Amino acid sequence: MQCLNGLPHASQVPRTQRALPAAASRPRPSRHICRNDTKASIENLTIHPAPIGNPEDVLEVPTLRAKLTPRQSPFYEHDNFGGGFVSDHDRVALNSMRFASPNSAGASMRVAPGYSGNGQPTTGVVQEGALDQLQTTLPPWGIRAGAREKIYFDPQQVTAAIVTCGGLCPGLNDVTAGIVNKLADYGVPEGRILGIKYGFRGFYNPDSKPVPLTRKSVDGIQLQGGTILGTSRGGANLREIVKRIDMWGIDMLFVVGGNGGNAGANAIQAMCQEHEVNCCVVGVPKSIDNDILLIDKCFGFDTAVEEAQRALLAAKVEASSARKGIGLVKLMGRQSGFIAMQASM
C-alpha cells in the first residue's frame, strides 16, 4: 500500500497491521471453520470462493489528503524520468488464488456474516490457509503503491524522520539511503531529514539525539552491515513519541521494521490521528524470515537464503564423509519455514 498523503509515496504500513473492517455486530463463532473439521459442522453453510469483487472494495489506507493541499509532482515534466505515474484507481489483488472448495490443498474457510434464525452461521468464504491469522476476511483489492502526479506536501517545508526497529536485517542501510536520496530528489532541504537513533526509544531518550541525514552522510552506507541508526526491541512510549513528532514538526515518519515495528507504526498513526497531529506514518516491511503477510518478499530474505545454503552444503559434505552420517542444520524463521524451504531447494 502507498502513502496517499504525498511524497514519496513509499509503502504504507503493511496491510496486515492496518485497521480492518469492524466485526459483525451479531454473535460469531470463536474463530473459523477449517477444512479439517467434520462435514456435519459445515453442511448448513453456503460456500463461496474468495470474491474477486468490486474494484472499489479495497483495504482501507489512512490518509491525510483532506487536510492537505495537492500540488504537481516535481517529476511531472519528464513523466517521472520516463517511468510514468501510478493511478489512484490502480488495484492489486490481495487473494493470489481462488479456491473452489475448502477441501482444496492450501485452502481454509472462514465464516462470513450471515446468520439463520437460530443464530447459526450460513455463509463461509474459502480463502488461503495462510490468512487464518487474520480476524476478518480481507477485501479483494489493495491500492497500488507508486509515485503520483499529485503530491500533498510542499517538499521545501517537509521535515521527515527515519527509524529502524527490531532485529538486524541485510539491507537496512540500503533502505535508509534510498529514502534519504528520494526525499532529496523531491526537493526536501538538507537538515530536514532526521535519523532516530536506536529504535523508537530514540524519540525520547536524552542520550540518543536524532542525527541529520544527507546525501553525503548516507553515501556508501550500503557497504556497511547492520544499521547506522542503531536499533532496539521491545515496547515504546507512544505518547512520548507522538509528543516529539508534534514538537519537532515531523511531517513524515518512515518506520523500517518487522511485525512488531509495523504494529508500532500503526499504533503511532492511530495516536497521531486521535490527537490531530498531521504526520504521515510509512511502514517499510523488514524480515529475513519473509513472514509479513501479503508482502511477496521482504528485503533481507534473499541474503538469508544464500547464507543458509552455505551451512547446508557444509553439513552435507561432513555428513557424507562419515559412515551413515546425518547432518542437522537449524535455521531461523520464527513461525515460518521460508528460509529452510528455499535454502534446501
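## Overall make-up

Accessible areas come from the Shrake-Rupley method with a 1.4 Å probe, and for residues only the protein chains shown count as cover. By this method the protein chain exposes about 18,200 Å², of which carbon and sulfur atoms supply 51%. The model is predicted, so that local features need pLDDT of at least 70 and side-chain atom pairs count only at pLDDT 80 or more, while totals for chains, interfaces and linings use all residues. Residues are numbered from 1 along each chain as its sequence is written, and side-chain values use heavy atoms, with hydrogens and water left out.

Six helices and twelve strands are present in the protein chain; these are DSSP runs (helices H or I, at least four residues; strands E, at least two), numbered from the N terminus. Of the 345 residues, 45% are buried, where buried means under 20% relative accessible area, exposed over 50% and partly exposed in between (1.4 Å probe, protein chains only). Among contacts (heavy atoms within 4.5 Å) with a separation of 6 or more, 77% are between residues 24 or more positions apart.

## Strand S8

In strand S8 (residues 160–164), five of the five residues are buried. Ala-160, Ile-162 and Thr-164 point one way, whereas Ala-161 and Val-163 point the other way. In a regular strand the side chains alternate between the two faces of the sheet.

S8 pairs with strand S9 (residues 193–196) in the parallel sense over four bridges, pairing being assigned if DSSP finds at least two bridges between two strands. Within this pairing, Ala-161 stands opposite Leu-194 of S9.

## Two buried helical residues

Ala-177, in helix H1 (residues 172–186), counts as buried because its relative accessible area is 7%. When residues up to four places away in sequence are not counted, Ala-177 touches Val-218 and Ile-221.

Gln-269 belongs to helix H4 and is buried because its relative accessibility is 14%. Leaving aside neighbours within four places in sequence, Gln-269 is in contact with Pro-62 and Val-281.

## The second largest pocket

The second largest pocket holds about 520 Å³ of space. Of its 26 lining residues, the closest to the centre are Gly-166, Gly-167, Arg-233, Gly-258 and Lys-286. A pocket is an open set of points on a 1 Å grid over the protein atoms alone where a 1.4 Å probe fits, with protein on both sides within 12 Å along at least five of seven lines, and lining residues have an atom within 4 Å of a point.

Helix H4 (residues 259–274) gives the most to this lining, with four residues.

Notes
Grid points are joined across faces, edges and corners, and a volume is the space filled by probe spheres set on the points.
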